[in-house]
Amino acid sequence: MPRPIHATVHPEALRHNLARLRAAAPDARAWAILKANAYGHGIERVYDALRGADGFALLDLAEAERVRALGWRGPILLLEGAFEPRDLELCSRLSLWHVVHCQEQIDMLAMHKTHVPHRVFLKLNAGMNRLGFPPHRFRAAWARLDALPQVDEISLMTHFSDADAPGGIERPLAIFQEATRDLPGERSLANSAAVLRAGHDPAVRADWIRPGIAVYGSSPDFPQHDIADWGLRPTLTVASRIIAVQQLVQGDTVGYGSTFTADGPIRVGIVACGYADGYPRHCATGTPVLVDGVRTRTLGRVSMDMLAVDLSPVPEAAPGSEVTLWGCSAGGMVLPIDEVARAAGTLGYELMCAVAPRVRFSEV
């Protein structure tokens, strides 16, 4: 029998979340973001559920090849563009659209031999200071691209660094509007937080939205809003089972470092899940967990292969009882990934991407 920890992808939740984001940005086309192997869900496992999007956006050529192999003939956008000149050859062969964010990428295009001009997305750095041309160099970059026979249509894009905060969109939006004023081409600005918080604004939703984390059932502005506030559903459940029960008395401790000490009699469940499965080691006592659908807490330090949970709220729990680390229990109770991530001092993004290869995946 395989070890009981497993992960389940929920295609109907993916469809629902994509539809919810579309509704928040009426008339805009939607990229479904597949970077990091579809946020740890697996590209092949989410493809059918997300093929209702207008295009797929991702990072590397191997991921793009996987999407084309699945039968997708629509747009695919490389969010970081080409890394070296030969990447453009595969862009030509696979009909990929790609971001241009620096002069070196324009140089590559100028040297590229192709019979079919490329569709590119010229990126503006509106204050995030990761990728993109600064405003004072943006129009010169556009003019140079526009003069290249290797380039067909030029779309315009930027990225919001603070869309999850009040007023976080106003300044970068104004910078983008000024830098792109009177330039032709479709626009793409809005990430998950911008779509949900300001997708009603035509200037924000523009022509293409790029929702990522919200599609995968995590709130982009947690704890201001949780997924229920935004009408989103969990798309990934990680669950295991209790494999042993310990009866503690006052003064007994749990786990390495004895970081939890019982202040009275307590039943403790030992769960087949640890940091080697991708569960954060730094989740301290009190991290939420569901046992047979009942909310309880972890106790002590997470080990490589096991963790301990408080069975006080679930007196009938025993070896074999279901433990939901995040997602949906068999009875339909929900533990949002954002709550577990907060206890770990991180974000739902990291937990999704960190599920270890040894964890078995399935779909429901």
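Which residues are exposed on the other side of helix 8? They are Glu-170 and Arg-171. The model is predicted.

**Helix 8**

- Helix 8 runs over residues 170–180, and its buried residues are Pro-172, Leu-173, Ile-175, Phe-176, Ala-179 and Thr-180.
- An α-helix has 3.6 residues a turn, so residues three or four places apart point the same way.
- Glu-170 and Arg-171 are on the other side of helix 8, where they are exposed.
- The packing partners of the buried residues include two helices: helix 7 (135–146) and helix 10 (202–205).
- Strand 7 (151–157) and strand 8 (187–188) also pack against the buried residues of helix 8.
- After helix 8 comes Asp-182, which has a positive phi, near 75°.

**Largest pocket**

- Rolling a probe the size of a water molecule over the atoms shows where empty space is left.
- The volume of the largest pocket is about 840 Å³.
- Its lining has 37 residues, and those closest to the centre are Lys-35, Arg-130, His-159, Asn-191 and Tyr-349.
- By class, 17 lining residues are nonpolar, 10 are polar and 10 are charged.
- Four helices each supply at least two lining residues: helix 2 (35–39), helix 9 (192–198), helix 12 and helix 13 (348–354).
- Helix 12 gives the most to the lining, with 3 residues.

**Glu-339 in helix 12**

- Glu-339 sits in helix 12, which spans residues 337–343.
- Its side chain makes a polar contact with the side chain of Arg-295, at 2.3 Å.
- Beyond its neighbours within four places in sequence, Glu-339 is in contact with Phe-222, Pro-288 and Arg-295.

**Thr-298 in strand 15**

- Thr-298 belongs to strand 15 (residues 294–299).
- Its relative accessible area is 2%, under the 20% cut-off, so Thr-298 is buried.
- The side chain of Thr-298 reaches the backbone oxygen of Ala-284 at 3.1 Å.
- Setting aside neighbours within four places in sequence, the contacts of Thr-298 include Tyr-279, Ala-284, Thr-285, Gly-286, Thr-287 and Val-289.
- Leu-307, Ala-308 and Val-309 are also among the contacts of Thr-298.

Technical notes: Residues numbered from 1 in each chain as written. Predicted model: local features only at pLDDT ≥ 70, side-chain atom pairs only at ≥ 80, totals over all residues. Heavy atoms only, no water. Buried < 20%, exposed > 50% of the residue type's maximum accessible area, 1.4 Å probe, protein only. Polar contact = N/O pair within 3.5 Å; in protein donor to acceptor, adjacent residues only side chain to side chain. Contact = heavy atoms within 4.5 Å. 1 Å grid on protein atoms, 1.4 Å probe; cavity = no way out; pocket = protein on both sides within 12 Å on 5 of 7 lines; lining within 4 Å. Points joined across faces, edges and corners; volume = space filled by probe spheres on them. Nonpolar A, V, L, I, M, F, W, Y, C, P; charged D, E, K, R; others polar.
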